[in-house]
Amino acid sequence: MHDIQKKITTRKGSKTKQILPLIIKGGEDLRQDLFVSQVINIFLSIFKKEKLPIFLQPLNVLSTGRGGIMETIIDTTNLMKINKVDYTQFDGYSSSTLYIEPEIDTSNLAQSSLRNYFIFKYGDGSEEFEKAVSNFVSSLAGYSLLCYLF
């Protein structure tokens, strides 16, 4: 259902290495992050047990008291960046085009939407587009339930 790649595979010579993208934090207490990750894991196991089509992405967190290590999710874009760009102006560009943030025209911010971003990235009405929308909805449902309960 969801194809999220957690590891980057590299090949050097005849050796294959798995590289896990991480953030190392110092001077921050990651115990809350660790707790939230554990809660997400519990809810994910409940959703799977009940065979609900709800998606959550737990992250590995190692809290060391005054710092720690957090796993990151690769190949993502945050909503702030999506909302800054009018993706309708890229009509005809492929999603493989290098991303260069255009000058922000605040008069066109109404054109900045998640739907326009999905159309830009996956193509309107394509199978990839439908899968991305379905994944977003099942993820939104899962995190909405978590937020409501906590």
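This is a predicted model: local features need pLDDT of at least 70, side-chain atom pairs count only at pLDDT 80 or more; totals for chains, interfaces and linings use all residues.
This briefing walks through the fold of one protein chain, topic by topic. The chain has four helices and five strands, and starting at the N terminus they come in the order β-β-β-α-β-β-α-α-α. Of its 150 residues, 23% count as buried.

- Averaged over the chain, pLDDT is 77, and 71% of the residues score 70 or more.
- Helix H1 has the highest confidence, with a mean of 93, while strand E1 (residues 8-12) has the lowest, with a mean of 58.
- Residues 1-5 fall below 50 in pLDDT, and the model gives this stretch 13 contacts beyond near neighbours in sequence.
- Residues 92-100 also stay under 50, with eight contacts beyond four places in sequence.

- Which strands make up the open sheet, and in what order? They are E3, E5 and E4, lined up as E3-E5-E4 with antiparallel pairing.
- Strands E3 (22-26) and E4 (61-63) sit at the edges, and each of them pairs on one side only.
- From one strand to the next, the twist averages 10 degrees.
- In general, strands of a sheet are held in pairs by backbone hydrogen bonds, and the pairing can be parallel or antiparallel.
- E3 and E5 are joined by five bridges in the antiparallel sense, and here Gly26 stands opposite Gly67 in E5.
- E4 and E5 (residues 67-71) are also antiparallel, with three bridges between them.
- On that side, Val61 faces Met70 in E5, and Leu62 has Ile69 in E5 as its bridge partner.
- Why is E5 largely enclosed by the rest of the structure? Four of its five residues are buried, so there is other structure around most of E5.

- The largest nonpolar core is a group of eight residues: Val39, Ile40, Phe43, Leu44, Phe47, Ile54, Leu56 and Leu146.
- H1 is the top contributor to this core, with five residues.
- If you look at the spacing along a helix, remember that an α-helix has 3.6 residues a turn, so residues three or four places apart point the same way.

**Helix H4**

- Helix H4 (residues 127-149) is 23 residues long and spans 33 Å from its first C-alpha to its last, close to the 33 Å expected.
- Which residues of H4 are buried? They are Phe129, Ala132, Asn135, Ser138, Ser139, Gly142 and Leu146.
- These buried residues pack against H1 and helix H3 (114-122).

**Two loop residues to look at**

- Gly65 sits in the loop between E4 and E5, a hairpin with three residues between the strands, and Gly65 has a positive phi near 100 degrees there.
- Is Gly65 buried or partly exposed? Its relative accessibility is 36%, so Gly65 counts as partly exposed.
- Setting aside neighbours within four places in sequence, Gly65 is in contact with Glu28 and Asp29.
- Gly65 and Glu28 are 37 residues apart along the chain, yet their C-alpha atoms are separated by 7.9 Å.
- Lys51 lies in the loop between H1 and E4 and has a positive phi of about 55 degrees, even though it is not a glycine.
- Lys51 has a relative accessible area of 73%, which means that Lys51 is exposed.

**The chain as a whole**

- Among contacts with a separation of 6 or more, 63% are between residues 24 or more positions apart.

Notes:
Residues are numbered from 1 along each chain as its sequence is written. Side-chain values use heavy atoms; hydrogens and water are left out. Two strands pair if DSSP finds at least two bridges between them. Axes are lines fitted to C-alpha atoms, for helices over the stretch in contact, and angles run from 0 to 180 degrees between N-to-C directions. pLDDT is the predictor's confidence in each residue, from 0 to 100. Contact means heavy atoms within 4.5 Å. A nonpolar core is a set of buried Ala, Val, Leu, Ile, Met, Phe, Trp, Tyr and Cys residues joined through side-chain atoms within 4.5 Å. Buried means under 20% relative accessible area, exposed over 50%, partly exposed in between (1.4 Å probe, protein chains only). The expected span of a helix is 1.5 Å times one less than its number of residues.
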